[in-house]
Each structure stands twice: as structure tokens, then as C-alpha cells.
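Work through the exercises below with the structure in view. Each one gives a task and then a solution in steps.

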Amino acid sequence: MPESKPRKKTASTVQPASPQAYKPNPVWFKPVMFGLMIIGLFWIITYYISEGLFPVQAWGSWNIVAGFGIAIVGFLMTTRWRS
């Protein structure tokens, strides 16, 4: 039985990351990111401690959604955080 010829292997070259591709975040990014997470947490805590009177009484239970929404924006910012 005849043997098949081995395939030629192509040289795969890995391009190193160019120094221009890496840009650190601006200085305001980290304080805003952590600030949103903390504000969202305090929003929810304030709602529970005040038994619905604060932060916005007319929103009722939607204050929980607002608090989580603010905090989630902060957590989503962590995916873009570069040190």
C-alpha cells in the first residue's frame, strides 16, 4: 500500500501586541466605576432602611431596580478596566 506524502506545515506567526493598542484608562474611570457601585448599594440600603420613603417615594419597589441598575453600570465598567 502506498504511503501518503506528509503535508507541508505553514509557519504560523503570532503578531506581538503593538504598544499603540494598549491604552490605559483615563484617571476618572476608576473613581466613577467604584462610585457607581457604591451609590447603587447605598440607594438600595436607603430604600430598605427608610421603609420606602427615600430615595424616591413615588417609585415604590422600582427603587430596588434603580439601585441595581446603577450598580450594574459600575460592574459593567469593570469589563473595560485596564490598569
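**Exercise 1.** Find where tryptophan 59 lies, and decide whether its side chain is buried, partly exposed or exposed.

Solution. The model is predicted.
Step 1: Tryptophan 59 lies in the loop between H1 and H2.
Step 2: The relative accessibility of tryptophan 59 is 42%. Buried means under 20% and exposed means over 50%, so tryptophan 59, at 42%, counts as partly exposed.
Step 3: Setting aside neighbours within four places in sequence, the contacts of tryptophan 59 are Trp43 and Ala66.

**Exercise 2.** State how many helices and strands the protein chain has, and what share of its residues is buried.

Solution. 
Step 1: The protein chain has 2 helices and 0 strands.
Step 2: Of its 83 residues, 18% are buried.

**Exercise 3.** Which residues of H1 are buried, and how are they placed around the axis?

Solution. 
Step 1: H1 consists of 21 residues and spans 30 Å from its first C-alpha to its last, close to the 30 Å expected at 1.5 Å a residue.
Step 2: Phe29, Met33, Met37, Gly40, Ile44 and Tyr47 are the buried residues of H1.
Step 3: Because they cover an arc of only 100° around the axis, they sit on the same side of H1.
Step 4: An α-helix has 3.6 residues a turn, so residues three or four places apart point the same way.
Step 5: The buried residues of H1 pack against H2, while Pro31 and Ile49 are exposed on the other side of H1.
Step 6: Just after H1, glutamate 51 has a positive phi of about 55°.

**Exercise 4.** Count the aromatic pairs and describe the one formed by phenylalanine 34 and tryptophan 81.

Solution. 
Step 1: The count is 4 aromatic pairs.
Step 2: In the pair of phenylalanine 34 and tryptophan 81, the centres are 6.0 Å apart and the planes make an angle of 85°. Planes over 60 degrees apart count as edge-to-face, so this pair is edge-to-face.
Step 3: The pair links distant parts of the chain, with phenylalanine 34 in helix H1 and tryptophan 81 in the segment after helix H2, 47 residues apart.
Step 4: Phenylalanine 34 is partly exposed at 39% relative accessible area, and tryptophan 81 is partly exposed at 38%.
Step 5: Another edge-to-face pair joins tyrosine 47 and tyrosine 48, at 5.6 Å centre to centre and 65° between the planes. Tyrosine 47 is buried at 12% relative accessibility, whereas tyrosine 48 is exposed at 54%.

Conventions
Residues are numbered from 1 along each chain as its sequence is written. This is a predicted model: local features need pLDDT of at least 70, side-chain atom pairs count only at pLDDT 80 or more; totals for chains, interfaces and linings use all residues. Side-chain values use heavy atoms; hydrogens and water are left out. Helices (H or I, at least four residues) and strands (E, at least two) are DSSP runs, numbered from the N terminus. Buried means under 20% relative accessible area, exposed over 50%, partly exposed in between (1.4 Å probe, protein chains only). Rings of Phe, Tyr and Trp (its six-membered ring) pair if their centres lie within 6.5 Å; planes under 30 degrees apart count as stacked, over 60 as edge-to-face and the rest as tilted. Contact means heavy atoms within 4.5 Å. The expected span of a helix is 1.5 Å times one less than its number of residues. The arc is that of the directions from the helix axis to the C-beta atoms.
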